[in-house]
Amino acid sequence: MVAGSRLQATRERSAWQHLDSAQLVVMGAAAALVVAAMTWLAANGGVDDLEPAIIFGVLIALGELFRMNMPGGREVAPISRAGALAYGMLLSVGGDPVAHSPFQVVAVTACGMVAGTLPHVAVNRSPRIDAMARRLVAAAVVAILFRPLADVLFTGEPLTRHQWWTALGLMTAISMAAALADMTVAALIRSEAVRARFGIAFLDEFRASALLCAASSATGMLIAVATSVMGLAALLLFTAPILTTQFAFRRYAAVRTTYLQTVRALSRVTEVGGYVETGHSLRVSRLSVAMGRELGMAEAELLELEYAALMHDIGQLSLPDPIPGGATVLAAPEDQCRIADLGAAVIEQTGVLDMVARIVRAQCDPYRDASGKPGPPLASRIIKAANAYDDLMGDSRDRDRGAAVLDRLRADSAYQYDPAVVEALARVLDRRVLR
Amino acid sequence: MPVAGLPLAAWTYVGTVVALSATLMATASYADVEWTKLAAMAVLFLVCDSVPALLSVERARVSLSFSACLASVVLLGPAGAGLVGACALFTWQRVALVKRVYNGAQFALCGFVAGLIFDALNPDLAAAPEEQILPFAVALLAYVTCNLALVWGILLLSKSATVRELRAETRLLAPGLLGYGSFGLLIAGIYGTIGAFSAVLVLLPLLVARWAFAQTLAQQRAHEATLATLCQAVETKDYYTRGHSERVSRGSVMIAEEIGMGRARVEAIRFAGMLHDVGKLGVPTKVLQKEGPLTEEEFAAIQLHPMRGLEIIREIGFLDEALTGIMHHHEKLNGRGYPMGLAGDEIPEFARIIGVADAFDAMTSTRSYRPARSVAEGVAELERCSGVDFDPEMVAAFLRALDKVGWVSPDQVVAPAEAQTTRQDHDDPSTPIRVSGEGAW
């Protein structure tokens, strides 16, 4: 745990140091919103309807306190999101009209977020400002779109069933629009940070957060309706569904993380056994994932690629003794293929990683053979090139040697290596030198 | 629930419940029931019933339709709630006819009883929802109790479950039933305002949660399968140690459960047992295969394996306590173990547990230099070393667990000629590794 969190901390810090322009824009927008909201509050002479403001602020703060990290390093806070949406879409409190402006929604959300973040800061968990900024902007979008409508929808009389359905339709449309905007921004940030194409990044974001967004939007609407009709006491009761969702997702995220950690750790048994050089599996997997991204693979495929790259040498465990030197690219081709087959056989036994086994099995297949049958999967071609590069380079960082190795792979790329994959490797390496 | 060949008592029981429920439903007054609400709740019940169950154990499934049942208790009163429960007759799940009829009858009965209780405690229908919480809680409790009692009744009478199994399943099911039932109050609470949309808003997050639960389960299984497979891959170095990790894992869990460890810690020790020997891969094959005494250097390589294991799995976050267990599983109570020579209580609890299971499995498995010992011989050896090498408390717990659940020894095998075997087993306390120039360890 200690080692794990430290690892995470370094990763977060490095993310901090390279803030991308999309991140800066979102943070700037959030800061501008907060400044505008505070100015408005000062001009207005304080908060309208203090009690609901405090209660929703507390709900948002609690949501921030229990935020969590989803696969792919995405920070989410479903309860906070639901609370902010509900406050933005509130029509009344138990039938008494509310008159808060969109600026007040922004101010209350921002205060709740800061309050919920303080405990995290106190235990030295650095806040993810970009994720918080995105949540604030999403809440602001909903508030700006819905607050003017609230005055039209609620005129002091209880709403009829039909008016409610109209209101619900508007709420659904607006929260969906906000969710899509949020995903777009997230995809922009991600595509810049990990150098993925925007379209692919957007689909990844959609897959990763659509369900959770739907759940928190539904709860936000539920809280808005329940509080409007029954007053603030209903608010606590109606957060129960999102609590269940949050609990379920927290466990899901934990298991996913553990799984990846286990595969990462156990891929090192080949190193401890002296079969491969120290750090080889990890380096090959990092390089492979970067190349896969360069070649436009989606997140699910990248995960399979990462698993396969980590375990690509696992077949060596079935050999009585390590191959001298350990570098498989220098071993006889029959040996390479035998290791790939043995490794795939081991992975197949899990019964759950069939695709990974296929990738590992095909990793020694040449890109093109004389018979013209369909070549190995892209992931296998990537691992083949990354593995060869790492075998020839070791942990050396010498640029000239790197260029020579790359030339060697290029020379072989008509037959052994996929030229597109080798070029992706070249681009990834180029960027590394620049950094 | 097996259908054919139900005992007579079970048939009588089914008949009684169905007759009782039919009589109640036939004589109830339907004057107050709002038919549009009833139709909405019935549709909700059937729709929820068709989505995968939220919670599934061997003999029962809890689906979101439970929320619909409880919502109808509030919205429709006893007669209406009974009718919604009776919709279980028309479930889309593939269920035998007897079971269908019985389920319909028992849900109707539960709905009717809970409805009566709710009405008795909450005469004012227009009360604010927070005032309805207490009556609803009582009605919910009655519904769940009634439901479990009726289902367990038929399972016991048809002899398809024992009391012990049912008690364990109740512990699993009851929180789920209470939880999903209580969402019924939320649906009912704003049904008057926005109609059927309330069900969508309440149930959508729950469906998403269900998806996450299912994913969690799938990932957990995948994780376990991967872990087990990789451990097996490590074991291929020695034909005779195949399955050793799995058995040590099982033995450690037996001890942990016997001494009353919490669920999370039992999970951790299961993985620790599985992974306790991964570091052995760092021991050169020629050392493991060497015949006769080892040099000090070679023995040092063996002694280092817990540390190598630690090196590998240090980064797996969930294994906090398991790490120390793996690192110290060869420490002895008298301080003569390795790698650090800890003694007595200095040795972490996990390590003391794994040490016992590890030694026992090594003794009861075949080795290249001797056949497997019987379980009785293994027990005798454990008792002999108890207090010297092993923690007596853990040995005693292991022996108690052994009495209860037994031990599956590996098959008595002779390795095929081409298989890799080793001559040195570091786990076997009855045949200590000999190091040249020293006495036995």
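These legends go with close-up views of a predicted model.

**View 1. Chain A on its own.** Chain A of this predicted model is built with 18 helices and four strands. Of the 435 residues in chain A, 49% are buried. Take the contacts in chain A between residues at least 6 apart in sequence: 72% of them link residues at least 24 apart.

**View 2. Where chain A meets chain B.** Here chain A brings 57 residues to the contact and chain B brings 52 residues. On the chain A side, α1 (2–17), α7 (161–193), α8 (198–230), α9 (233–237), α10 (240–266) and α11 (269–272) each put in at least two residues. The largest share, 20 residues, belongs to α10(A). Sort the chain A side by class and you find 38 nonpolar, 13 polar and six charged residues.

**View 3. Helices α13 and α16 of chain A crossing.** Helix α13 (residues 299–310) and helix α16 (residues 378–393) of chain A have axes that come within 10 Å and cross at roughly 45°. That angle is why α13(A) counts as oblique to α16(A). The crossing of the two, α13(A) and α16(A), is right-handed.

**View 4. The residues between α13(A) and α16(A).** From α13(A) come A:Glu301, A:Glu304, A:Leu305, A:Ala308 and A:Ala309, and they meet A:Ala379, A:Ile382, A:Ile383 and A:Ala386 of α16(A). By class, this contact of α13(A) with α16(A) holds seven nonpolar residues, two charged ones and no polar ones.

How values were computed
Residues numbered from 1 in each chain as written. Chains lettered and ligands numbered in written order. Predicted model: local features only at pLDDT ≥ 70, side-chain atom pairs only at ≥ 80, totals over all residues. Contact = placed C-beta atoms within 7 Å. Nonpolar A, V, L, I, M, F, W, Y, C, P; charged D, E, K, R; others polar. Buried ≥ 20, exposed ≤ 12 C-beta atoms within 10 Å, placed from the backbone. Axes fitted to C-alpha atoms, helices over the stretch in contact; angles between N-to-C directions. Parallel < 35°, antiparallel > 145°, perpendicular 65-115°, else oblique. Left-handed = near helix turned anticlockwise from the far one by under 90°.
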